[in-house]
Amino acid sequence: MNGVLIFLACLPGIIFLIFIYRVDRYNKEPLKLLIGLFLFGVVAIVPAIFLEQLFLSLNFFYGFLGLAVEAFLIIALTEEFLKRLAVKLAAYKSKEYDERLDGIVYCVVASLGFATLENVMYVLQYSADQPYIWLTRALLAVPAHMLFGITMGYYMSMAKFCNNPVLARKYTRYSLWIPVFFHGLYDFLALSGNLLFIALLIPLMIYLWINNIRKLKTYVKESKVRSELTQNISL
């Protein structure tokens, strides 16, 4: 039974990994680098658990304020910081990082590494009481991690390929704080226990999908133009 649950928990991450790999079709990243990023994302969950437990023990606020601190400053900030750190360590200075789409690919792969192990842990722990938790997390939590990764990668690439140091620093901040905001909002709604707030996850996810697919398409178009120019020059 546990084997089936582990498979169901890993399946959404595998599907989204295939999706992002196929999207990056004009200048594919080396599988070795992507595997390394995925494993960095997996490993990041260890310090995330430790830090979140530590900070939660120091959260002396109650009610909605306490929930906001937990969602935004403890869970979201810790997890997005560590996922971004994984990309910074494993790929940011790589010679393979030569176009803006790469940043999205790297951040999504690291995020899915984190999300996949997290999903396995949640499903194994809570499936007895919530037999369909694998399905709700497949539809919400795992894609949310991917979408936060798209946002992170979008701004990370804006920073990396920006010639203006002031703007580069701004985009670097955006690559952390905008994913933190949306991650925190997602967790705040999900953990609230309020049915109205939980229902707001649906429009939030729709917005994240529309907004981030637009970001992804922008960089895919750039990658296509760059590929075509390179081919023409080689001819």
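Arg 226 counts as partly exposed, because its relative accessibility is 34%. Here buried means under 20% relative accessible area, exposed means over 50%, and partly exposed lies in between (1.4 Å probe, protein chains only). The model is predicted: local features need pLDDT of at least 70, side-chain atom pairs count only at pLDDT 80 or more, and totals for chains, interfaces and linings use all residues. Residues are numbered from 1 along each chain as its sequence is written, and side-chain values use heavy atoms, with hydrogens and water left out.

The side chain of Arg 226 meets that of Asp 98 in a salt bridge (3.6 Å, N to O). A salt bridge is a side-chain nitrogen of Lys or Arg within 4 Å of a carboxyl oxygen of Asp or Glu. This pair links distant parts of the chain: Arg 226 sits in helix α10 (residues 201-234), Asp 98 in the loop between α4 and α5, 128 residues apart. Helices (H or I, at least four residues) and strands (E, at least two) are DSSP runs, numbered from the N terminus. Asp 98 counts as partly exposed, at 29% relative accessibility.

## The salt-bridge network

Arg 226 also forms a salt bridge with Glu 99 (3.7 Å, N to O). Glu 99 lies in the loop between α4 and α5 and Arg 226 in helix α10, so this pair ties together parts that are 127 residues apart in sequence. Glu 99 counts as buried, since its relative accessibility is 6%. Asp 98, Glu 99 and Arg 226 are linked in a network of salt bridges. The structure holds six salt bridges. Side chains of opposite charge can pair when their charged atoms come close.

Asp 102 touches Asn 27, Glu 29, Glu 96 and Tyr 97, not counting residues up to four places away in sequence. Contact means heavy atoms within 4.5 Å.

## The largest pocket

The largest pocket has a volume of about 900 Å³. The search uses a 1 Å grid over the protein atoms alone. A cavity is a set of points where a 1.4 Å probe fits but cannot get out; a pocket is an open set with protein on both sides within 12 Å along at least five of seven lines. Lining residues have an atom within 4 Å of a point. Grid points are joined across faces, edges and corners, and a volume is the space filled by probe spheres set on the points.

Of the 31 lining residues, the closest to the centre of the largest pocket are Glu 118, Tyr 122, Arg 137, Asp 187 and Leu 191. The elements that give two or more residues to this lining are α3 (45-57), α4 (63-90), α5 (100-126), α6 (133-139), α7 (141-160) and α8 (165-191). By class, the lining has 19 nonpolar, six polar and six charged residues. Ala, Val, Leu, Ile, Met, Phe, Trp, Tyr, Cys and Pro count as nonpolar; Asp, Glu, Lys and Arg as charged; the others, Gly among them, as polar.

## A buried pair at the pocket

Glu 118 forms a salt bridge with Arg 137, the closest N and O atoms being 3.1 Å apart. Glu 118 lies in helix α5 and Arg 137 in helix α6, so the pair ties together parts that are 19 residues apart in sequence. Both Glu 118 and Arg 137 are buried.

## The second largest pocket

The second largest pocket has a volume of about 180 Å³. Its lining has 10 nonpolar, no polar and no charged residues. Leu 17, Ile 18, Ile 20, Tyr 21, Leu 31, Leu 34, Ile 35, Phe 38, Leu 39 and Val 109 line this pocket. The elements that give two or more residues are α1 (2-23) and α2 (31-43). Helix α2 gives the most, with five residues.

Val 120 is in helix α5. Val 120 counts as buried, at 12% relative accessibility. Leaving aside neighbours within four places in sequence, Val 120 is in contact with Ile 6, Ala 9 and Cys 10. The C-alpha atoms of Val 120 and Leu 8 are separated by 8.4 Å, though 112 residues apart along the chain.

Leu 11 is found in helix α1. Leu 11 counts as partly exposed, at 30% relative accessibility.
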